[in-house]
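Dear colleague,

Please find the structure below, with the sequence. My notes on it follow.

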Protein chains: 2
Amino acid sequence: MTFPTLQNDSFLRACHGLATDYTPIWLMRQAGRYLPEYRATRAQAGSFMGLATNVNFATEVTLQPLARYPLDAAILFSDILTVPDAMGLGLNFVNGEGPRFERPVRDEASVRALQVPDMNQLKYVFDAVTSIRHALQGRVPLIGFSGSPWTLACYMVEGAGSDDYRLVKTMLYSRPDLMHHLLAINADAVAAYLNAQIDAGAQAVMIFDSWGGVLADAAFHTFSLAYTARVLSQLKRSHGGVDIPRLVFTKGGGQWLAQMAQLDCEVLGVDWTVNLGAARTLVGASKTLQGNLDPNVLFAQPPQIAAEAVAVLDSFGKPHSGPGRGPSLIFNLGHGISQHTPPDHVSALVEAAHRHSRALRA
Amino acid sequence: MTFPTLQNDSFLRACHGLATDYTPIWLMRQAGRYLPEYRATRAQAGSFMGLATNVNFATEVTLQPLARYPLDAAILFSDILTVPDAMGLGLNFVNGEGPRFERPVRDEASVRALQVPDMNQLKYVFDAVTSIRHALQGRVPLIGFSGSPWTLACYMVEGAGSDDYRLVKTMLYSRPDLMHHLLAINADAVAAYLNAQIDAGAQAVMIFDSWGGVLADAAFHTFSLAYTARVLSQLKRSHGGVDIPRLVFTKGGGQWLAQMAQLDCEVLGVDWTVNLGAARTLVGASKTLQGNLDPNVLFAQPPQIAAEAVAVLDSFGKPHSGPGRGPSLIFNLGHGISQHTPPDHVSALVEAAHRHSRALRA
């Protein structure tokens, strides 16, 4: 497979801690419901999974935010629950309620029956990656992604989102052996899934540990971090001679940054509760940081949005400009963008982040 | 007012960092729906507010968990939203949905109209404090409490619980002046409310900053911590010659412990994401810590519950035994007990916490 030459490598350089002219920016869930053009495509597709499983639709919506904003990376449009769906749990999207599994995994027999799925069942994802990569025409790099083993386990056991994670934590505390079995399968499945995305054209891969932050301190290390590490240990480090950076984001994981800095990955995402200056001191040049504007800032007016973007950049401090690896930041939100966000407010954010980060380097 | 002599002062001693024979334990929301006797009283009262505003019912349910378990403190049965209710927002409890305000505060006019309520409107709370204090017969001390200024603001603006705190954060980011005005009124109201609880017989007071953890790093300091400090600066430090310890709990506030250690209070509550050993190192003997078992542990079986209680105590380490103030722990959950908790599992927890904490001192 050959793809068009990459024109904007600021995101990939920042992943590797290399100096850039400005701080690259992309936004979690940048292709999504806040965009009227997304809602139009979604209506055409009929359902969320109709959208995600159709290569043309997935390509179209992935590129939509890039047509509006000078973002520095694209991210595959898909769902974090495709892997358990391929395991046979039956993913459904009830309108307005979020994802739901028809067959949650709540007893020993269901856990023991789980297997790493045949990656052919996820071919629609890999086809989308290749299609998007071509459609991007080398404009910016494409990020592939998966949910983390623990985050997938939350949905697999709860069957849906949860306020208290009672069912998955009941299994964790009462049958840690079953939870470990489930997580090992998830980790191996996620690794195979991300490797196939890399083969299909993903230029970076991100692991979303969206629910790592609900775990108790000791449990986070045992049941989330250890299995994220198991995924990372199996990932391809390069493809076609080009390094593939690996990004890990634990929402609510700010207290565990020192341990996460030991992960075999290039980038750590952080949410808005993290002080970027303190995080930079903690991880040094060993990891690039990614984050961390509160998505709710986008409900203020453009001048306040710009001021908050400047505050994020200033809290990280002056980016390094020398040769080799140094402390680096990728600008992002601390969580996915809200569906209620006014699209023109995103323009104000991207413009301010680019402008001020250039000024910081002057 | 004279009350019966206190027989078990382990909680108050631990608040002040003084050595105790064992680690005192109480549980957030220990009087609540998981107890069948609570549900019976609640049915008699007809509604949650019917329960909370009736002195006899409030006294009865406050004492119910003490009849079952050898807990080391009682906490006033009430709601964190009584203060905004007294401000005229109209508190309602829709069954199964949690609290809701009829008249949320969402524009400049509503914010400007807010005033510190006349404490006579909250007389039912102070009467309950006095009644409970008598009914306790000196068995254990009684903790009074309030929501923090920020946490009250969340409910006042959102009108109910929220997934994303979009409305209150929109006000915070777009009209910080209004948010500061609202928080200043809340802080003065909370201080008056807690002082009146102290006058009525509360032997310790706790500020629940249940939603501080949803704030971005800088915003937490400006909009939550500063107003918690404003409350503390106005609180009575003693009553009738007896010191009144002050407890502050920010759920999700683990990253801000160093700054919270500067608060003028005796105890910092921490949730289960916090490593107690690291927290002890951070706060030293300056603050007693309170926490931090994941309430979901109570869904495991008694042997596992005991093992997790031991792990919490061990993570804090050996308590000090000398004279004067030293590193101290009050055992608690990291959040309110779940309504689905089997009551006999709580027995296992209290027994294990008492037994192992005595052994640690041997």
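Copies are superposed by least squares on the C-alpha atoms of residues with pLDDT of at least 70 in both. This is a predicted model, in which local features need pLDDT of at least 70 and side-chain atom pairs count only at pLDDT 80 or more, while totals for chains, interfaces and linings use all residues. Residues are numbered from 1 along each chain as its sequence is written, and chains are lettered from A and ligands numbered from 1 in the order in which they are written.

Chain A is superposed on chain B by a rotation of 180° with 0.0 Å of shift along its axis, at an RMSD of 0.0 Å. The two copies are thus related as by a two-fold rotation axis. Within chain A, A:Q255 has the C-alpha nearest the axis, 2.9 Å from it. Both copies use the same surface: 100% of the contact residues of chain A recur in chain B (contact: C-beta atoms, placed from the backbone, within 7 Å).

Chain B holds an open sheet of seven strands in the order β1-β4-β5-β8-β9-β10-β11, with parallel pairing. Strands (E, at least two residues) and helices (H or I, at least four) are DSSP runs, numbered from the N terminus; two strands pair if DSSP finds at least two bridges between them. At the edges of the sheet stand β1 (74-75) and β11 (329-333) of chain B, each with a single partner strand, so one side of each is left without a neighbour in the sheet.

Helix α13 (residues 276-283) of chain B packs on the sheet, touching β9 and β10 (288-293) of chain B, and its direction makes about 165° with that of β10(B) (axes are lines fitted to C-alpha atoms, for helices over the stretch in contact; angles run from 0 to 180 degrees between N-to-C directions).

With kind regards

Terms used: Contact = placed C-beta atoms within 7 Å.
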